[in-house]
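Reader: I have a structure to go through. Can we take it one topic at a time?

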Amino acid sequence: MSNSGHTPLAQRRILARRLIIGGLVVVCVITLSVFARETNSGTLHRVQNISGTVVTPLQQGASRAIAPVRNAWGWFTDVLHARDRAAQLARDNQALRTELVQGQFGAEEQQRLAKLATIGSEWRADYAQVPAEIIGRSPSPWYEQVRIDKGTNDGVIVNSPVLGAADVGAGLVGVVTQAGPVSSVVSFLSDPRTSVGVTIVNSDGGIGLLQPTAPGAFSITGIPAQSPVGNGDPVMTAGFSQFGLQSIYPRGIPIGLVTGVGRGEVDVTQTVQLSPFVNPDSLAYLVVLAPKSVLARQRAATP
Amino acid sequence: MSTRPSMMMSAAGASAGAPRVTVPPRVPAIIAIACVAVLLQVSVMPFLTVAQGMPDLLVCAVVSIAVFRGALVGAIVGAVAGLSVELLAPVGTLGALGLLYLVVGYALGRLCEREGVREFLPVVLFCVIGECVVQVGELAMQVLLARPLIAGDVAREVLAALILTGFIAVPIHVIIRKVLRAPRVIEPYRMPGDG
């Protein structure tokens, strides 16, 4: 675009304007690149964490201020759903399956206790359960993270597992990825950077790696082909991930149910689809498992 | 309170012997609008979702400021506000939203400077277009990050966000027009009498 018809003042203004815009673009691009390349303990991540901590009181206030609106909206949708007979029956069915799942977990625990003198990674004993309110959600639906109102002052540290309540009881929903003094950021399991070492109940101890495949859907890879896996089998954390490495998640936290199994004729492993117990989008509160034993702290320190 | 611009003689206008229409910049008001928009965007909007889509108050604020104060101010406000949202809210990036809001503020501000748009309907349309740019940009970011997506869910969320943003565009525009107390500036690169 030619500026030959402009006065010198106008040309200087155009130049200044282009320099400012260009400078802002460069700053944004550099920030984006550096942030994507650095680790969670990097400078920009720390700046982001501190900034989030500063606005925590404001987010708490806003969350409480709009709670009546949120509750009213929830009541309205609940009424609509309550009229849906099929949905009601599905809930009843889910409740019945809960008892079955809990029974299977109980049987699994009994078998393990009978075989081993000590468990060592019992998550109910090694972790303090810290209830937390979700005070900030991502302003974009693309990011699977929330901010909670508990931080290091409450014993929450980075890599603390996070549970959510569901019709079938508590289930794993994510992990703390940033921890400030009074607030923390939780990344859900649906975050593509998250993977969990899991085992399937009734599968002869088959260990696999759980990863998200789509919003609300997960797949488990690495389960040996000969392991008996069927639809409806409960899935829980294995306590370690691939290659026998220690996992940040202790053994025995329920995650979801198997919804599909697939493998080829010559495959040595099978791929399992999973439906999680907890949908994090509908939660207002979470429970953080804050490590309190040495073993739990070692797990959280796992790189 | 009048919303007519004050008439002043600019340096260029004085030298060219022609009066130039300008307005007081009201920088504090612009900063206040941006701060309030950012705080509401990170504190309140994420809880007001319909069909997984949420209204984008920030894009409405950036577009309105760009309409009233031009492309440069719109771009600066967009970049700073976008970066602020990324700093304050639990999102997985830093710089992406800043870049997207900068593009929205500059492009739509520039369009308004050239076409002289100030009516409500085009501004609502601009807000929806701006939100569309933000959503597509974020979608591209998710693809680059290799995040698995379902086309149906994506379409529903984007559509809901566009509709909700269109709904809040008019009240936001009215409020910002009231606060800034002036129509937008048309930056006169070609002065009267320049030949």
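Author: One term to begin with: a contact means heavy atoms within 4.5 Å. In chain A, 61% of the contacts with a separation of 6 or more are between residues 24 or more positions apart. This is a predicted model, where local features need pLDDT of at least 70, side-chain atom pairs count only at pLDDT 80 or more, and totals for chains, interfaces and linings use all residues. Residues are numbered from 1 along each chain as its sequence is written, chains are lettered from A and ligands numbered from 1 in the order written, and side-chain values use heavy atoms, with hydrogens and water left out.

Reader: OK. What share of chain A counts as buried?

Author: Of its 303 residues, 48%. Buried means under 20% relative accessible area, exposed over 50%, and partly exposed in between (1.4 Å probe, protein chains only).

Reader: New topic. How many salt bridges are there over all chains?

Author: Four. A salt bridge is a side-chain nitrogen of Lys or Arg within 4 Å of a carboxyl oxygen of Asp or Glu. One of them pairs A:R17 with B:E113, at 3.1 Å from N to O.

Reader: Why does that pair join two chains?

Author: Because A:R17 lies in helix α1 of chain A and B:E113 in helix α4 of chain B. Helices are DSSP runs (H or I, at least four residues), numbered from the N terminus.

Reader: Is A:R17 buried or exposed?

Author: Buried, with a relative accessible area of 5%. B:E113 is buried too, at 8%.

Reader: What else does B:E113 bridge to?

Author: B:R110, at 2.7 Å from N to O. Both lie in helix α4 of chain B, three residues apart.
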